[in-house]
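Me: I would like to learn how to read charged pairs and sheets in a model such as this one. Could we go through them together, one feature at a time?

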Amino acid sequence: MAARPPTVTPSRSPLPSRAARHAPPPERSRFQRILRWALWLIVPLLAIVAGSLVGLVYAFAKVPVLDQVPAAQTTVFLDRKGAEIATLSPTENRRIVPLSTIPKNMQLAVLAAEDRDFYKHGAISYKGMLRATLANLRNAGVSQGGSTITQQYVKNAYPSVGRSRNLFRKLKEAVIAVKLEKKYTKDQILGFYLNTVYFGRGAYGVDAASRTFFKNRPARKLTLAQSALLAATIRAPEFYSKKENFKSTKIRRDYVLRVMQERGWITEKQATGAINTPVHESSSAPSSGIAESPAPYFLEKVRQYLLDKYGATRLAQEGFRVQTTIDLGMQKEAEQTIRRVLDQTGDPKASLVALDPKTGAVRAMYGGKDFAKEPFNYATDARRQAGSTMKPFVLEEALNEGYSVNSVFPGPNKFTVQGHEYSNFGTESFGPITLMDATRHSVNTVYVQLIEKVGPQKVADLAMRTGLSDTIEDGRFSPERKPVLDPKVPLALGASDVSTLQLASAYGTWANQGVHHQAYLVEKVTNSNGRLVERHQDPGTPVVRPNIANTITAALRGVVEGGTATAARLPDREVAGKTGTTSNSVDARFVGYDANLVTSVWMGYENKNPKKPPKRLTGIHGIGEVTGGSLPAVIWRQFMEQATANLAPLPFPDPTFDGIVLNPTTTSATTTTTTAPPPPPPTVTQPTFPPQTTQPPLQPPSSTFGVVPSSTLPGPGGTNQGAPQLGRDQSTDPNNSG
């Protein structure tokens, strides 16, 4: 018989002694005792405060009277001096109709677009809030909202709730929404919402929107495709309701239709048929006094800003008096200058923005020729390639890293970086050249070396902080957007798209010795009772040291006094600026400033068919190829002569040229400090054309505009047909300049 395995008794730890078992627990530290008592006191106190706050809001929050629509009041626009310049009279286009007359497809389309679980959740959708939070975290920004239709209705019908993005406003909104859902049915609330929500073009409610967008068609006759289209506009009504944005509108509409299909509200056949329906709407500008004002593009942007900040209902009801930043004298001069220079049929589009660098106040804005026919604002909403106006941002980063403007780089006619070949205009070779002179003559091969050395991402980040990120409103009511700067070597030559306003704002930082003030249009807003609603305040944000900004200004003075922009010289004051010309002369820019005013000018044709090559700026007014140093610089000079006539000609501060001096002929950098000598004053003669310029004609003698002869200075608009294509609408040639 097999031996029985031995029995193993599991070992047990010895029991503590009787004295140890009855010993007192170790004494807590003083910090632990304080923390314990603090938690016992603070947690209940916070709970009491939070509960009291919710209770107070719930007790005092009044449910709006739903059968009374507040009377609309006129908004008054004032110039910088307080003189009335226009009014916005919102004789509200609103028609109240019973829910029973609104097609079921229209109701379901709105639910698909805004709150697909409306009939399943209460006044607040915690699932929707979580989904929106996760989406916003994924996109690193606000891409979705978590408000239910009931909460949205509260914002539409109850202006006193406000639109501030803070916890108390959301709490008040949520409490009123809860009260509403206790008092009214879901169908009633949906009916209230559909009769008050804003669809764009002054239309409040689905019936008014149907008649506005579809040739007076009543809501009861809306088709599935039309219903989805209206529902799609609710998210950003001023954007999606504009003809130039129909591509985005169709994408949004088709998304709504697919949601309806996924929910089983329509069949796949119905969804496909509606998706195949083209987007057709009327495309008139909003009817108001803005179109007839002396600054329609400026005031329309002000209106969009107010819509974004206060909402359509509050703007229509509170009778705002809006004091703007506009200087009507400068505005008139901007209009007259561009129309005087571009006075022929077939001339290109142009835009101009002038602002005060010490505050960011926009003094003039030319966004187009005819607002009534074409309300698209080319000054703020058109993002076109920057060309060589981006080069100073590369210099800014180099100076910020401690390099000297006296650093010397080779300036060959061609230079290869990361497998791409870049060349100067006319394949001109400059030999060893300082950064100061490379800026003056816009040497491409130097600047691609410089951006590779300091890093394109650093340049992009600093450029955004300098002012390229500026917008007037966040794009909910217009195509205005912040630029996306591609952090690659071609950024140095202007491969990314920016607006005329953004360049003006960024250059203003250098004019203001390194302190940035965000561009703005509204000084203050009061309501009909005289109560102050808003006052602009901006102490300024330091971006770079004053000496860096002043060094950039010194380099840009050289551009005007002896470089690619001598056509921009002013007879009585120091000015600094930079030209920019994109590939094949598709866009031409000049941005410049004196100590008082920054002005940014753009010129180019509208690219109506993205499948075709954009139209070039050639053969205009006798100029074979328009560059930033020709017509844009002429417009800038003629405008600035009048705009600064009553402003003192203040000198720029003299910088100290310090920092590490890079030299390609040595193995180590040297450090020097020199003070910039005062440049000689520009010589100004009385020419025959154009008035008050010192430049002879660039091309044939028949030209009516003065520019620098190409035999004297390196030309600012070179192209290379074999260059890689970059950008959205047109290419940025690695060899552009200007």
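Me: Does E238 count as buried or exposed, and at what relative accessibility?

Reply: Bear in mind that this is a predicted model. E238 counts as buried because its relative accessibility is 2%, where buried means under 20% relative accessible area.

Me: Which side chain does E238 meet in a salt bridge?

Reply: Side chains of opposite charge can pair when their charged atoms come close. Here E238 meets R303, with 3.1 Å from N to O, and the pair links distant parts of the chain, since E238 lies in helix α10 and R303 in helix α13, 65 residues apart. R303 is buried as well, with a relative accessible area of 6%. Salt bridges that share partners also join E238, E300 and R303 into one network.

Me: Where do K250 and D254 lie, and how many residues apart are they?

Reply: Both are in helix α11 and four residues apart, so about one helical turn separates them.

Me: What is the order of the strands in the open sheet?

Reply: Strands of a sheet pair through backbone hydrogen bonds, either parallel or antiparallel. In this open sheet of five strands the order is β8-β7-β21-β20-β19, and the pairing is antiparallel. The edge strands, β8 and β19, each pair on one side only. Four bridges join β7 to β8, and A354 stands opposite A364 in β8. Helix α22 packs on the sheet, touching β7, β8, β20 and β21, and its direction makes about 145° with that of β21.

Technical notes
Residues are numbered from 1 along each chain as its sequence is written. This is a predicted model: local features need pLDDT of at least 70, side-chain atom pairs count only at pLDDT 80 or more; totals for chains, interfaces and linings use all residues. Side-chain values use heavy atoms; hydrogens and water are left out. Two strands pair if DSSP finds at least two bridges between them. Helices (H or I, at least four residues) and strands (E, at least two) are DSSP runs, numbered from the N terminus. Contact means heavy atoms within 4.5 Å. Axes are lines fitted to C-alpha atoms, for helices over the stretch in contact, and angles run from 0 to 180 degrees between N-to-C directions. A salt bridge is a side-chain nitrogen of Lys or Arg within 4 Å of a carboxyl oxygen of Asp or Glu. Buried means under 20% relative accessible area, exposed over 50%, partly exposed in between (1.4 Å probe, protein chains only).
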